[in-house]
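Let's take a walk through a protein model together, from the overall layout down to a single side chain. Have a look at the picture before reading on.

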Amino acid sequence: MRGEILGVERRRYWGADEKLAIVSAVGVGGATVTQVAQRHEVTRQQIYAWRHELKRKGLWSPDAGALFLPVDAPSIPDLPAVTNPAPSVWIELRLAKGRMLRFESDIAEAALTRLIRAVDGA
């Protein structure tokens with residue numbers, strides 16, 4: 001059996017910008033870590049390691065690209081004032097990377113902000 005040596009195998013080098021682009025591609029359009037890893041021919045573990053490295057260097061945060069929009073419900077002045085407080089309703093908020101948060105409508109704004117940050121940062 002004969003074999004030929006065609007060249008020296010080299011390790012690929014990924015710059016910080018390339019790593020950031022690959023790590024940031026996770027979740028875009030519903031892309032999973034596995035799909036992004038296959039697309040860029042790296043392992044899933046490599047993406048997790050890069051994410052950890054970029055976080056440590058301060059180049060990436062899970063909050064990057066988060067967009068908070070104000071929600072205003074129109075008031076209806078023609079209705080008589082209600083003496084009993086309106087019952088709270090459950091609200092579902094879908095966050096990045098497939099996370100979902102359910103909370104009651106009468107939750108305090110500060111508590112909701114802390115809750116969103118905790119869930120999104122987990």
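Read along the sequence, the protein chain follows the pattern α-α-α-β-β-α. Counted up, the secondary structure comes to four helices and two strands. Keep in mind that this is a predicted model, so a word on confidence belongs here: where pLDDT is low, the predicted coordinates should not be read in detail. The protein chain averages a pLDDT of 78, and 71% of its residues score at least 70. Among the elements, helix 2 (residues 33-40) has the highest mean pLDDT, at 93, while strand 1 (residues 90-94) has the lowest, at 80.

Next, the chain as a whole. Of its 122 residues, 20% count as buried. The accessible surface of the protein chain comes to about 10,500 Å², and carbon and sulfur atoms make up 55% of that surface. If you take the contacts with a separation of 6 or more, 35% of them join residues 24 or more positions apart.

Now let's zoom in on helix 1, which spans residues 16-24. Which residues of helix 1 are buried? They are Lys19, Ile22 and Val23. These residues cover an arc of only 95° around the axis, and therefore sit on the same side of helix 1.

In general, two packed helices are described by the angle between their axes and the distance between the axes. Here, the axes of helix 2 and helix 3 come within 8 Å and cross at roughly 105°, so the two helices are roughly perpendicular to each other. On the helix 2 side, the meeting residues are Val33, Thr34, Val36 and Ala37; on the helix 3 side, they are Arg44, Ile47, Tyr48 and Arg51.

Let's finish with one residue from that meeting place. Arginine 51 is found in helix 3. Is arginine 51 buried or exposed? Its relative accessible area is 17%, and buried means under 20%, so arginine 51 counts as buried. Leaving aside residues up to four places away in sequence, arginine 51 touches Val23, Val26, Val33 and Trp60.

Note on methods. Residues numbered from 1 in each chain as written. Heavy atoms only, no water. Buried < 20%, exposed > 50% of the residue type's maximum accessible area, 1.4 Å probe, protein only. Contact = heavy atoms within 4.5 Å. Areas by Shrake-Rupley, 256 points an atom, 1.4 Å probe, with all protein chains shown as cover. pLDDT = per-residue confidence, 0-100. Arc of directions from axis to C-beta. Axes fitted to C-alpha atoms, helices over the stretch in contact; angles between N-to-C directions. Parallel < 35°, antiparallel > 145°, perpendicular 65-115°, else oblique.
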